Amino acid sequence: MITATALTVSRGERVLFRDLSFGIAPGEAVALTGANGAGKTTLLRTLAGFIRPDAGTVAFADIEPAEARARHIHWLGHMDGLKTGRRAREELEFQARWSGANNEGIAAAIAGLALEPLLDLEVRKLSAGQRRRLAFARLIAAPRPLWLLDEPFAPLDARWRAALGLMMQAHLDRGGAILAAVHDPLPVAARALDIGAGR
Amino acid sequence: MKGLMTLYRRELALAWSGGGGPLLACGFFLCLTALIPLAAGGDPAGLRPIAGGIAWLALALSSILSLERLFERDLEDGALDLITLGPVPLELVVLVKAKAQWLAVGVPLALTAPVAAITLGLPPSLAPLVLLSALIGSLGFALTGALGAALALGSKRGGLLIAVVVLPLFIPPVVFGAGALERAVNGLDPMPALAFLGAWVLFAAVITPFAGAAAVRNAQG
């Protein structure tokens, strides 16, 4: 689904990783590990196209990178991308529809993530875990095959980690792929990709 | 098209409610135009020859107020990453943001402009011309303002930097807009100055999407 070849990325004077090559196949989950500062977020941002690598390429199967980034990648970073002054319903509507969701998809995400009681609240009134569930909703609502996730479970309790694990497994069973930067194990079977000690 | 409308509705809602929205900009505009005659010694006749210029300067300064929220908030809360991975090219995103900024802040400012200009001593008969020129000019302010906001993205004290970047770009419309009013006051045809103002807005409409998108990509990296 996605192939990185000989990627080299540096930030300032510091080379975060050099000649890094790997691929992720449909149906595969990869847990991206490494110490703080190793470059996990930078690698995810490079794959998403936010950072241009110093060398190397990122290729998507049978599709141009620009098209892949417009319609095939779900990105969930440290920040949820939610506007605190708006209602949860407005933010969910925008994020999901912008990602390509239809009414059925949005309804399924609301039901699956138990968001109904939160929808009329302002985002600022939600807990960190509730915000993360709200941000996750666009991944469930809009079918995009590649999920790039940065510490996706940090604010979630054990119950919701398990529930989202089931949703991730369903995504993998449909032929989707996941690359997630994590410190704890993913709740689905995943191959490990360690990018170094972060010196 | 559906993606564009989704973004446009969101941007309009944010521009209407965020950063004080049109009320703050219009209030600032009116306060500024009310203060200038007082600072000038309360002699309206003395201000009359430069009333058009002052009104345009106040319009330009009021247009800067809410520019910081245009991209900076989206960068801070991660929404810009989501928007970048959407169905609409970043160049169009910049254009949509500028247009929403114009509709939510620029148009209310333009509607306020005749009141401000008459307060400063322009003849009431020129109110339609003030409105027309302010509508065109505020679109230009929104476009170049969006470019300035994108260029200042990610910098510390971005709001101050936006003002420094944007104010020089505001010189042509202030000159052309105030020139149109001055020509009308002196009984001349204001159309040549309005045509220059329109040309400058078209120039900004072509440059802003590409330069703004490049600046946003640079800030994301």
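Reply: Chain B has 11 helices and zero strands, where helices (H or I, at least four residues) and strands (E, at least two) are DSSP runs numbered from the N terminus. This is a predicted model, in which local features need pLDDT of at least 70, side-chain atom pairs count only at pLDDT 80 or more, and totals for chains, interfaces and linings use all residues. Residues are numbered from 1 along each chain as its sequence is written, while chains are lettered from A and ligands numbered from 1 in the order in which they are written.

Me: What share of chain B is buried?
Reply: Of its 221 residues, 51% count as buried (20 or more other C-beta atoms within 10 Å of the residue's own; exposed is 12 or fewer, partly exposed in between, with C-beta atoms placed from the backbone).

Me: Switching to chain A, where is A:Ala114 found?
Reply: A:Ala114 lies in the loop between α4 (103-112) and α5 (128-141) of chain A. Its phi is near 50 degrees, a positive value in a residue other than glycine.

Me: Is A:Ala114 buried or exposed?
Reply: A:Ala114 counts as exposed because it has 12 C-beta neighbours inside 10 Å.

Me: And what is phi of A:Glu151?
Reply: Phi of A:Glu151 is near 50 degrees, and this residue sits in the loop between β6 (146-150) and α6 (158-173) of chain A.
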